[in-house]
Amino acid sequence: MAKNISFPLVIILFSIVLFLINSSNAMPSFNVQRYGARGDGRTDATKPFLTAWSLACRSRARAMVYIPRGTYLVTNLVFWGPCRNHITFKIDGTLVAPPNYWSIGNSGYWILFAKVNRISVSGGTIDARGSGYWSCRKKGGHCPQGARSISFSWCNNVLLSGLTSLNSQNMHVTVHHSSNVRIQNIRIRAPSGSPNTDGIHVQSSSGVTISGGTIATGDDCIALSQGSRNIWIERMNCGPGHGISIGSLGDYFNEEGVQNVTVTSSVFTKTQNGVRIKTWARPSRGFVRNVVFRNLIMRNVENPVIIDQNYCPNGRGCPRQSSGVKISGVTFANIKGTSTTPIAMKLDCSSSNHCTGIRLQDIRLTYMRRSSASYCRNVHGLRSGVVIPRNCL
C-alpha cells in the first residue's frame, strides 16, 4: 500500500497544477515598444504598430496589442482581418497624427479596422490634430478629402470603450457594414466651428449600441445614415454640435432604409438641433420607420425636435422636388427643456410621402420662459399627455 501523501505536499502540487493551467491560458501580449515604437511623439511608430497587429492577428489564442503610456506618432494604420481569435487592442498612451494634415488626409482613414471579427479597443487618446485641415477647408483652398479618425468596416462583434478622440479632420468614429457593435464611455471633442466632424457615424450596420459618452464637436454628435438598423443610443451628453440625426437620407434613389432606432436618457446642451430626421428633397425609395426619441433634456437648443424633408442646402440638385423617403412610426416622448428659437417643434414632411404614425407624448419645451410654437406640414399622428408647444398635428 502506498504511503499517504502529506497535506502540505498536496497543496504544493495543486498550486503547481493551477500555475501551469493559468500559464497555458495566458493571453499573448504584443507590446508595440518591443517592435521599435517610441513614445516620444516624434518617431514614426506606424510600422511597429502594424507588426504587433500582424503577430496578434495570427495568434491561435486570444491576443492583445498593447500600447503603453507615451505619445506615439502614427500615419495611416489599416488593421486587416480576419484574425484567428479575439483581439484586444489596449491603449494606455496617446496616438497623434503628423502635424502636416496631408500625411493622412488623402486616405480617408487614419485608423481603420477592416474585416475583423471579435475586436475590443479600449482606453487611451487619439488626436488627429485637425486644426490645419479645418483652416484649409474654411479658406476654400486645395485640400485633401480628410481622414476619419477611427473606423470599423465589415467588422462583427466589436467593443469600443473608454476612448478619447480629439480634433478629427473629419468624422471621429465610423461604423460601416458592421454588426453587433458596442460603443461605450467614449469622449469626443473638437471645436464647434470644425466642419463635418461628426462624433459617431453609422451606416449600413445593425445591432449598434452607443451608451454613456460625451460628444462636443462641430457637426452631428451621432449621425445614422442609410442602412442603420436596430440601433440603441442612451445616456449621451451632446453639445456643442448639431444633435443626434437620422440622415441626411435620400442621396440615392435605391437607398437602404433606417429602422428600429431608440434614443433615450440623453442631454443636449447648446446644440443646433436636438433629435432630427433629415432627408433630401429628391426622389428615393428609402424609408425611416419604428423610431423612438424619449426621456430627453434640451438645454438652450435651437431646434429641439425636427423632421426636415425639404433639406436642400444652397438650392442645388433638388429644387422644386419632394422627398421620396417614407417616414412612419416615430415617437417623441418625455422631452423637456428650452429652445432658443420660437418654433421648438418643426415637423416638415414630404408633400408626396406624408409622415404617418407620428406620436407626441408628454413634451414640454419653452422659449424665453414662455410657451414655444410648433410647425407641422404633411404630418399625421396622435398626441397624448401634455404637449407644449401646442399640438399642430
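Accessible areas here come from the Shrake-Rupley method with a 1.4 Å probe. The model is predicted.

**Exercise 1. State how much accessible surface the protein has and what share of it belongs to carbon and sulfur atoms.**

Step 1. The accessible surface totals about 17,500 Å².
Step 2. Carbon and sulfur atoms account for 51% of that surface.
Step 3. On the residue side, 52% of the 393 residues count as buried.

**Exercise 2. Describe the fold by its elements, its extent and its contacts.**

Step 1. The protein holds four helices and 31 strands.
Step 2. Its C-alpha trace spans about 90 × 60 × 40 Å along the principal axes.
Step 3. Take the contacts between residues at least 6 apart in sequence: 74% of them join residues at least 24 apart.

**Exercise 3. Locate the largest pocket and name the elements that line it.**

Step 1. The largest pocket contains about 620 Å³ of space.
Step 2. Its lining has 26 residues, and the closest to the pocket centre are Arg148, Asn170, Met171, Asn196 and His201.
Step 3. Two or more lining residues come from each of helix H4 (131–139), strand E17 (200–203), strand E21 (244–249) and strand E23 (273–280).

**Exercise 4. Is Gly274 buried or exposed?**

Step 1. Gly274 sits in strand E23.
Step 2. The relative accessible area of Gly274 is 0%, and the cut-off for buried is under 20%.
Step 3. Gly274 is therefore buried.
Step 4. Leaving out residues up to four places away in sequence, Gly274 touches Gly243, Ile244, Phe268, Met298, Val301, Asn303 and Pro304.

**Exercise 5. Count the charged side chains and compare the centres of the two sets.**

Step 1. There are 43 positive and 15 negative side chains.
Step 2. The centres of these sets lie 5 Å apart.

Technical notes. Residues are numbered from 1 along each chain as its sequence is written. This is a predicted model: local features need pLDDT of at least 70, side-chain atom pairs count only at pLDDT 80 or more; totals for chains, interfaces and linings use all residues. Side-chain values use heavy atoms; hydrogens and water are left out. Buried means under 20% relative accessible area, exposed over 50%, partly exposed in between (1.4 Å probe, protein chains only). Contact means heavy atoms within 4.5 Å. Lys and Arg count as positive and Asp and Glu as negative; His and the chain ends are not counted. The place of a charge is taken as NZ of Lys, CZ of Arg, CG of Asp or CD of Glu. On a 1 Å grid over the protein atoms alone, a cavity is a set of points where a 1.4 Å probe fits but cannot get out, and a pocket is an open set with protein on both sides within 12 Å along at least five of seven lines; lining residues have an atom within 4 Å of a point. Grid points are joined across faces, edges and corners, and a volume is the space filled by probe spheres set on the points.
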